[in-house]
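Please look through the report below with the sequence and the model side by side.

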Amino acid sequence: MMRYKPWRMALQVENDAALVQGLKGGEEWAFEALVRAFGARLLATARRLVGNEEDARDVVQSAYLSAFRAIGQFEGSAQLSTWLHRIVVNTALMRLRSRRRKPEESIEALLPAFQADGHYVEWFSSWDVPADRLLERKETRRAVRVAIEQLPETYRTVLVLRDIEELSTQEAAEVLDITPSAVKVRLHRARQALLTLLRPHFQRSATR
Amino acid sequence: MTCRELADFIADYLAGTLPADTRAQFERHMGVCSNCVTYLEGYRTTVELGRRAFDDPDAPVPETVPEELVKAILASRR
């Protein structure tokens with residue numbers, strides 16, 4: 001199955017340097033090229049983080065404006081795509097913080113339970129279908145996306161940044177303003193919770 | 001090492017970042033505990049599913065940015 005990572009694709013215009021020069025010179029074609037080259041992929045990143053189309057579009061628009069204003073400080077050593085991706089992630093995280101109104105649900109109920117002697121309470125059954133085969137099905141991918149959406153926001157955000165947007169532990173810690181060890185703990189719990197949510201789907205798939 | 005202790009090390013185990021002695025204890029436990037083996041397999045599969053849930057094999061060419069968003073972004077710059 002083909003994979004692509006939004007911010008790591010080669011730019012569709014001649015090269016980064018020509019585009020950056022155009023942007024720094026305030027040339028209209030360059031701004032439009034920047035939006036067309038990366039907009040769809042950045043929008044996908046924003047959707048994964050904020051969860052709805054309207055907020056995602058606002059995030060992308062606001063991120064592009066920040067990028068246009070900051071282009072003077074852009075250093076040629078960085079990749080435009082990586083730089084833009086980081087701006088979108090930061091803008092999306094700010095959006096999540098500003099709309100957070102109620103205390104977050106606990107993740108505890110989705111984590112595995114243990115007996116006093118340290119054994120799992122539950123006896124797990126094996127999944128016979130490998131990830132590759134499961135992922136061929138549209139409905140599987142949809143079920144996984146729905147399950148990710150169900151994770152408490154703090155954990156979902158870390159899972160999306162680390163496993164899907166492929167930020168390093170250090171990069172995720174920086175954008176979230178938490179320690180690298182907190183990133184690792186949250187990522188592990190997020191994956192465990194996702195596993196709990198997905199297990200019924202896998203078992204059903206395995207018996208088909 | 002108990003199952004509970006082992007569970008805390010799964011992410012580091014898969015990332016290959018466990019110290020050698022902890023890794024040895026981890027693998028010793030796995031050798032005698034089929035429930036932990038099954039849990040680890042589920043965890044590994046879950047990570048893979050999460051990573052690729054947003055891929056679309058039917059659309060290898062990525063979608064284009066919505067035209068109204070392009071216009072809105074360019075208009076707001078002026």
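## Domains of chain A

Which domains does the domain assignment of chain A give? The assignment gives domain 1, covering residues 6–99, and domain 2, covering residues 108–207. The model is a predicted one, and in it the C-alpha centres of domain 1 and domain 2 of chain A lie 28 Å apart.

Where these two parts of chain A meet, eight residues of domain 1 are in contact with nine residues of domain 2. On the side of domain 1 that touches domain 2, helix H2 and helix H4 (80–99) of chain A each supply at least two residues, and H4 of chain A gives the most, with four residues.

## A bend in helix H2 of chain A

Helix H2 of chain A runs over residues 28–50, and it bends by about 55° at A:Gly39. After the end of H2 of chain A comes A:Gly51, which has a positive phi, near 85°.

In general, most residues other than glycine have a negative phi. Against that background, two residues of chain A deserve a look.

A:Glu166 is not a glycine, and yet its phi is positive, near 60°. A:Glu166 sits in the loop between helix H7 (153–164) and helix H8 (169–176) of chain A. Is A:Glu166 buried, exposed or partly exposed? A:Glu166 counts as partly exposed, because it has 15 C-beta neighbours inside 10 Å, a number that lies between the limit of 12 or fewer for exposed residues and that of 20 or more for buried ones.

A:Asp177, which is not a glycine either, has a positive phi of about 60°. A:Asp177 belongs to the loop between H8 and helix H9 (180–207) of chain A. Because A:Asp177 has 9 C-beta neighbours inside 10 Å, it counts as exposed.

## A residue of chain B that touches chain A

Helix H3 of chain B, which spans residues 34–52, contains B:Arg51. Which residues does B:Arg51 touch, if those up to four places away in sequence are not counted? B:Arg51 touches A:Asp163 and A:Ile164. With 18 other C-beta atoms within 10 Å, B:Arg51 is partly exposed.

Key
Residues numbered from 1 in each chain as written. Chains lettered and ligands numbered in written order. Predicted model: local features only at pLDDT ≥ 70, side-chain atom pairs only at ≥ 80, totals over all residues. Bend = angle between axes of the 7 residues up to and from the residue. Domains from an automatic or database assignment. Contact = placed C-beta atoms within 7 Å.
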